[in-house]
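Please consider the following structure before reading the briefing. The notes are arranged by topic for use alongside the coordinates.

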Amino acid sequence: MKLYSRPLSPYSSIIRSIAYYKQAPIKIVAPPPGFPIPEEFRAISPFNRIPVLITGSGLTIIEASVIAEYLEEHFPEPSLLPEDSRDRAIVRMTARTAELEVLAPVMELFELFFMKSKDDARISKLFKQMEIGLTEIEKRIGNGPYALGDQMTLADAWLTPTRFAFNNFRVMSGREDLLDPYPKFDALQQLIIQDPVLSLVWYEMTDGLKVFQGELESA
């Protein structure tokens, strides 16, 4: 199997978390250099984005949520879903909330702030969406070594890059106190950097951010 990924890409980082946890035999390769990804990559990814997983049979799988489910099914042990159907639903809801209601608006806000957008209405709407999502995640986070208990789940794979994004986002947005109403979500960083799998992804993203910032400065 081959995974097209970049260290800083949050969606790619989710898949790397899963691959590392399952010790899946996946070769990680980078797409062509450049930001945005060069058009030539559409020959592999029709939407020209990562991650992309190429299976052993040659099937091309796009979209992080689909790749995550595929890897969970293809490599069932160790599982990233609890045995109980109720608990599985909670994991999936938490992961989906992180994906659609927190990470998605934050990524769009990154772009708007980078472009120095004056679309205050859109910015306000995205912040509201993000805050609602964070509120729901805050309700779900427990007191275990992982977000939802004693076992790493798909929720942790989604929450790790989501939490990472906020360190830089708070600076860029000028809202250093952004996570004050969400202490459990804020504290995920300390749990993540103590975990051998999640910390690996966290520090890959850290290195990727340094490279990206260096490229911006030299551009």
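The model is predicted: local features require pLDDT of at least 70, side-chain atom pairs count only at pLDDT 80 or more, and totals for chains, interfaces and linings use all residues. Residues are numbered from 1 along each chain as its sequence is written, and side-chain values use heavy atoms, with hydrogens and water left out. The chain contains seven helices and four strands, and its largest pocket has a volume of about 1600 Å³.

**Overall fold**

- Along the sequence, the secondary structure follows the pattern β-α-β-β-β-α-α-α-α-α-α. Helices (H or I, at least four residues) and strands (E, at least two) are DSSP runs, numbered from the N terminus.
- The radius of gyration of the chain is 17 Å, close to the 17 Å that the globule rule gives for 219 residues, so the chain is as compact as a globular protein of that length. The radius is taken over C-alpha atoms, and the globule rule is 2.2 Å times the number of residues to the power 0.38.
- Taken along the principal axes, the C-alpha atoms fill a box of roughly 45 × 45 × 30 Å.
- Of the 219 residues, 46% count as buried. Buried means under 20% relative accessible area, exposed over 50%, and partly exposed in between (1.4 Å probe, protein chains only).
- Among contacts in the chain with a separation of 6 or more, 66% are between residues 24 or more positions apart; contact means heavy atoms within 4.5 Å.
- The accessible surface of the chain comes to about 11400 Å², and 55% of this belongs to carbon and sulfur atoms. Accessible areas come from the Shrake-Rupley method with a 1.4 Å probe; for residues, only the protein chains shown count as cover.

**Largest pocket**

- On a 1 Å grid over the protein atoms alone, a pocket is an open set of points with protein on both sides within 12 Å along at least five of seven lines, whereas a cavity is a set of points where a 1.4 Å probe fits but cannot get out; lining residues have an atom within 4 Å of a point.
- Grid points are joined across faces, edges and corners, and a volume is the space filled by probe spheres set on the points.
- The largest pocket is lined by 39 residues, and S9, P10, F35, M107 and F212 lie nearest its centre.
- The elements giving two or more residues to this lining are α1 (10-22), α2 (64-74), α3 (85-114), α5 (154-173) and α7 (198-218). The largest share, eight residues, comes from α7.
- By class, the pocket lining has 25 nonpolar, seven polar and seven charged residues. Ala, Val, Leu, Ile, Met, Phe, Trp, Tyr, Cys and Pro count as nonpolar, Asp, Glu, Lys and Arg as charged, and the others, Gly among them, as polar.

**Cavity**

- A search of the whole structure finds one cavity of 30 Å³ or more. The largest cavity holds about 60 Å³ of space.
- Its lining includes P145, Y146, D156, T160 and D195. The elements that give two or more residues to the lining of the largest cavity are α5 and α6 (183-192).
- The cavity lining has eight nonpolar, one polar and two charged residues.

**Backbone geometry**

- A cis peptide bond, with omega about 0°, joins F35 and P36; P36 lies in the loop between β2 (27-29) and β3 (52-54).
- E77 and P78 are also joined by a cis peptide bond, with omega about -10°, and P78 is in the loop between α2 and α3.
- Q23, in the loop between α1 and β2, has phi near 50°, a positive value in a residue other than glycine. Q23 counts as exposed at 71% relative accessibility.
- N48, in the loop between β2 and β3, has a positive phi near 60°. N48 is buried, with a relative accessible area of 12%.

**Individual residues**

- R140 belongs to helix α4 (residues 120-140) and is partly exposed, with a relative accessible area of 37%.
- Leaving aside neighbours within four places in sequence, R140 is in contact with I90, M93, T94, A147 and L148. R140 and T94 are 46 residues apart in sequence and 7.3 Å apart in space, C-alpha to C-alpha.
- P196 is found in the loop between α6 and α7 and counts as exposed at 67% relative accessibility.
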